Amino acid sequence: MSELHLYNSYSRQKEKFEPIVAGYAGMYVCGPTVNGESHLGHARPYVTFDVVHRYLKHLGYKVRYVRNITDAGHFEEEGRTDSDRIGEKAQLEKLEPMELVHKYTGIFHHCMRLFNNLSPSIEPTATGHIIEQIGMIEKIMQEGYAYEVNGSVYFDVKKYAQHYPYGKLSGRVIDELLETTRDLEGQDEKRNKVDFALWKKAPPQHIQRWQSPWGEGFPGWHIECSAMSAKYLGDAFDIHGGGMDLQFPHHESEIAQSTIAHGHPPVRYWMHNNMITINGKKMGRSYNNIIKLTELFSGNHPLLEQAYHPMVVRFYILQTHYRSTLDFSNEALQASEKALKRLWDSYEVLNNLPEASGKGSDEALNLQVIGFCHECADFMNDDFNTAKVIANLFELAPVINSIKGGQIARNALSADTLQLLKQTFKTYLEEVLGMQPLQAAQADDKLGKVMSVLIDLRKDARTRKDWATSDLIRNQLAAAGILLKDEKDGGMSYTME
RNA sequence: GGUCGGGUGGCCGAGUGGCUAGGCAGAGCUCUGCAAAAGCUCGUACAGCGGUUCGAAUCCGCUCUCGACCUCCA
């Protein structure tokens, strides 16, 4: 595919990407609720849509990427206490809500940086957009699709469904929803069970509360995304992303709200990433099977055999297509770690290869390499198939290593092909997939200087065939976690665990 | 119960009618003072049963099985 196609959850098929405004792309992704630490499951959408963001930029689009921070508590549904999640926890921990929000926002941002996720263009907070949310609710009431009861405002889903295709995104049928949902004890303020809150009256103990035309309260779960996306991307924008579990009711509600408020649907392409599972079950709070990102990076969790570098986690996520489930296991992460190290080593070898000059002695190989390189674009254009891009890079790695190792002649590739090869790795591995070295280069490299002393000593011992000394140096370093590698040309390199 | 989506070699995971996925692990070999690394070669998979077809992992039907959503959830 020579042009970008993506799978639109709304139409359930791949569609060619055609932005509303040529040259520009607007993308909104549901961000974190900062009432706790992010876990591995949360990492998937942020890495997935970071790659979407990166690829759109690579294609030359001017991208505005908006990802919200939910720092206002959502109300709980019927059958539970009407309490603000953030407010509740704040009381337990004796913290101000905003103190809690600040803490977890900081941790979230830290993790995003470790993942090498590019910063969104705008990261709006729900509490910073109460006015916009109230304005949107008022508009919906004016249109006659919302009603107030006791200081709360609800969206009239039943009425909406009579005029609009409610349930199309998530494959729901309104009549079934009306039947399936059963009444719970207590008086229900809603006209129908399918209705959802736009604004919720705050009970006395509720900490987070704002003044509104309907009294003191707080916004409903869904309205913030609609209000903020419209504010920063316009009332019709290109891509809305998020986890599959948000399709219903969250995204379905967003469509309904925005359609009434603006007179048309808000989003051109809906994208949903699949879940990360653990032992076949979705990782999530309610399953009590989450591994926090900080735990993943430190190895400090009963299920973890070791710590996993953020780049390893990123690579592990990208080795699978974003619409497939991805099963967590130590084995899978460890496989990704080894794979990434090998691939990155090849990339470094590639960057150190001398420039080629000729037209290439091996025509078949040149064609093969060129083919693998060009395919990367096709794979990305086919609904962001990062798994296939990575597979192609692995096809190229042996070519690179063989040129260095001498199994392939130095002049086998033409100057152009070698240049294309370098460009492909740089573009896809670094820029599009967003991979980084596992170890950051150090400015003041004292260790490097020490290593070069040891390497010189060992080289000297080897030329004297003093195997005892040379093995001693290698073994002692290995015990310290530094692996020496003798190279064909008499050189020596090392890697650290 | 309703809706939807899966079941691929030891493990993870691409792929949707004929053409190599890839990674990790494993086996053999080459290189090497010995290693490591690297390179080469190898397994031959598509839940089961029918059907369509010249040909199906890929389409259709049934069965078994797992999961997601229907409640907060990335």
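Q: Which of the residues around RNA strand B come nearest, and what makes a residue near?
A: There are 64 residues around RNA strand B, and Gly-41, Gly-243, Ser-324, Ala-339 and Asp-486 come nearest. A residue is near a strand if its C-beta atom, placed from the backbone, lies within 6 Å of that strand. This is a predicted model, where local features need pLDDT of at least 70 and side-chain atom pairs count only at pLDDT 80 or more, while totals for chains, interfaces and linings use all residues. Residues are numbered from 1 along each chain as its sequence is written, with chains lettered from A and ligands numbered from 1 in the order in which they are written.

Q: Which helix gives the most to the surface near RNA strand B?
A: That's α13, residues 386-405, with 10 residues. Helices here are DSSP runs of H or I with at least four residues, strands are E runs of at least two, and both are numbered from the N terminus.

Q: How do you know what holds α13 and α14 in contact?
A: Residues are in contact if their C-beta atoms, placed from the backbone, lie within 7 Å. Val-389, Leu-393 and Leu-396 of α13 meet Leu-421, Phe-425, Tyr-428 and Leu-429 of α14. The residues of this contact are 7 nonpolar, with no polar and no charged ones. Nonpolar here means Ala, Val, Leu, Ile, Met, Phe, Trp, Tyr, Cys or Pro; Asp, Glu, Lys and Arg are charged, and the others, Gly among them, are polar.

Q: Why are α1 and α14 called oblique?
A: Their axes come within 10 Å and cross at roughly 140 degrees. Axes are lines fitted to C-alpha atoms over the stretch in contact, and angles run from 0 to 180 degrees between N-to-C directions. Under 35 degrees counts as roughly parallel, over 145 as roughly antiparallel, 65 to 115 as roughly perpendicular, and the rest as oblique. So α1 and α14 are oblique to each other.

Q: What makes β1 and β2 a pair?
A: Two strands pair if DSSP finds at least two bridges between them. β1 (residues 5-8) and β2 (residues 13-16) have 4 bridges, in the antiparallel sense, so by that rule they pair. One example: His-5 has Lys-16 in β2 as its bridge partner.

Q: Why do β5 and β8 stand at the edges?
A: The open sheet has 4 strands in the order β5-β6-β7-β8, with antiparallel pairing. β5 (146-149) and β8 (217-219) each have a single partner strand, so one side of each is left without a neighbour in the sheet. On average, neighbouring strands of this sheet are turned by 20 degrees against each other, direction ignored.

Terms used:
Contact = placed C-beta atoms within 7 Å.
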